[in-house]
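Visitor: I'd like a quick walk through this fold, please. Can we start with the surface and then look at a few details?

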Amino acid sequence: MDRRRPPQTDEGWYVLHDVRTVDWDAWRAAPDRERERAITEGVEYLASHEAVEDADAGDSAVFSVLGHGGDLLLVHLRPTMAHLDTAERRFERTALADFTEQTDSYLSVTEVSGYMSEEYFEGEEVQDTGMANYIESRLKPEIPDADHVSFYPMDKRREPEYNWYDLPFDERADLMAGHGDIGREYAGRVTQIISGSVGLDDHEWGVTLFADDPTDIKELLYEMRFDPSSSRYAEFGRFRFGRRFPPGDLGALLAGEPIPTGEDTGHPSGDASAHGESQHDDRDDHDSGDDGADIREALADEDIYAGQPHGEDVHAMVLYSEADPEELADDVDGLRGNFEHYDTHVKTAVYTNPDGGNAAVVSIWDTASAAETAGGFLADLPGVVSRAEVGELEGEQAGFGTMGMFYTTKPEHREAFVEKFATVGDLLADMDGHHETDLLVNRADENDMFIASQWRSREDAMAFFRSDAFADTVSWGQDVLADRPRHVFLT
C-alpha cells in the first residue's frame, strides 16, 4: 500500500497548560502571614508572566477552573521550550506553590498545516495580506481578553472503518475545509488557538477556545460534532473550563469572593478582547503601526486631517475578491453580525468598482490587532486574491501599500463627487510614482465610497498630499461630504 502524504506543518510558539489544585485544608489552617506571603508572591509571578518579563515575546494568562478538574489554570505561550520549563519551575519557588499541587498539564506547540495555504509551504511569499496575517496569528497568537476558556486535547481516529491517516490528502483537505467553514460562522464570538502535541503529550492536538459567552463555545462544539471531520474521525480527551481573572485578584479568588473585582490593572477589560488586542503596553504591536503614525504626523504638518475620527485612530483591513459580489456580500453579512458584538468594530462592507474589476471587502477597527484578527476570518472569504497585482511602474515594484480614503457624500452631491474624482484621477495619472487609484462604492449605500491608491513609495504619496490640488479637493469636500473623511492607513 502506498504511504499517504502527510500535510506539511510549521511550528510557532510552545504552549503549556498548567492546572493547579489548591490544598484548601492547608490554606485555611495557615497563619495569616503565610497566606499573605503566598498571595503576594503568587500575584508577582502571575503579573510578571502576563507582562512577559521573562522573554522577548509570548503571552500568559490565569483562569479560575470550574468543577473538580482543578482550581487554577495557567496558560503560557513562549518562543522556546526552555521558557516554559523556567516558567513552570519558577512557580514552584513561590510560597503559593506550597498550597497547590499540579494535577494536570498539557504541552504543545502552535502550528499551521498544509491544509491552510499551499503557497506558504511551497516557500513562496504569501501575497495576500489577510492570509499572511492569519498565518502569523496562528503561529504567534495573543491570548484574547475573553471571559472564558475551554481547553481539550484530541486525536484523529485510527480504526478499521474510519482511519484518518488512511485517507488521501485531498479528501482530508476537503474535510478540514468544511470543518473550518463552521468555525468561521463563530468569528468574533469564539477565538481559538490550535497547537500540535505529537511526541510532546498524550494526544495529537490541543484546542483552546476563548469566548465572553460560554454558550458560544458549547454551540460551536455541538455543531462541529455533526461535521464528518469530527463525527467520523475525532477522539476527544478531557475538558477544562475556566474564567479569566487579573493576577491582582488572586487574593479575592482564594477568599471565595466574586472575581474579577474590577480593581486590578493586570487584566484590562474591554471590547477588543476577542481580537487579540495586546495588554502589554510596553511592547510594539507592529512596525506598520509606527509607519502609519509617521504618515499621519506628516499629513498633520500639512494641515491635512488623517485617520483620527472623533479623536481615535482607526485601522482597516482591505481584501480583494474575484467572487460574485452578491455571493460575497452574503458571506460578509454573516461575519459582520459577529464583528458587531465588539465596540472596536467600526464597519465592514463590500465595495465594488463601477468600472469593473475585483470587489473589495473593507473592515475598519479601532485597533490594529483587531483589524488583523478580523483579516484572518476575511481571508477565508470566496475568491480572495492579492491586491490587483500591484505590478511595476517604470521597472520598479510599487512599494507603498494601499491607502484608503473613506468618504460619505450628501446624496445631492454624489454625482459631483464622482466627477471630481475623475478630475483628480487625471491629475494622479501624470504624477511621478503613482501606480493606480480606484473609486469603489459600498453595495449597501451608494453614498459611501472608498478610494484606494497605490504608489511606488511613501514619498511619492506624500508629494500628492502636499499638493495644492489635494488641498483644494479637501476644501471643496467640506461642502459635499456628510461627515469628515477618513484617511485610513491600511493594516
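Visitor: How much of the accessible surface of the protein chain belongs to carbon and sulfur atoms?
Guide: This is a predicted model, where local features need pLDDT of at least 70, side-chain atom pairs count only at pLDDT 80 or more, and totals for chains, interfaces and linings use all residues. Residues are numbered from 1 along each chain as its sequence is written, and side-chain values use heavy atoms, with hydrogens and water left out. Areas here come from the Shrake-Rupley method with a 1.4 Å probe, and for residues only the protein chains shown count as cover. The accessible surface comes to about 23,300 Å², and the carbon and sulfur share is 44%.

Visitor: What share of the 491 residues is buried?
Guide: Buried means under 20% relative accessible area, exposed means over 50%, and partly exposed is in between (1.4 Å probe, protein chains only). By that rule, the buried share of the protein chain is 51%.

Visitor: Is Thr437 buried or exposed?
Guide: Thr437 sits in strand β17 (residues 434-442); strands (E, at least two residues) and helices (H or I, at least four) are DSSP runs numbered from the N terminus. Its side chain makes a polar contact with that of His434 at 2.7 Å; such a contact is a pair of N or O atoms within 3.5 Å, where within protein one must be able to donate a hydrogen and the other to accept it, and residues adjacent in sequence count only if both atoms are side-chain atoms. The relative accessibility of Thr437 is 17%, so it counts as buried.

Visitor: How far apart are the end C-alpha atoms of helix α11?
Guide: The expected span is 1.5 Å times one less than the number of residues. For the 15 residues of α11 (residues 325-339) that should give 21 Å. The model agrees, with the end C-alpha atoms apart by 20 Å.

Visitor: Which residue caps the N-terminal end of α11?
Guide: Look for a side-chain oxygen 3.1 Å from the backbone nitrogen of Glu326. The residue that supplies that oxygen is Asp324.

Visitor: How many aromatic pairs are there, and are the rings of Tyr152 and Phe239 stacked or edge-to-face?
Guide: Rings of Phe, Tyr and Trp (its six-membered ring) pair if their centres lie within 6.5 Å; planes under 30 degrees apart count as stacked, over 60 as edge-to-face and the rest as tilted. The whole structure has twelve such pairs. Tyr152 and Phe239 have ring centres 4.5 Å apart and planes at 25 degrees, so this pair is stacked.
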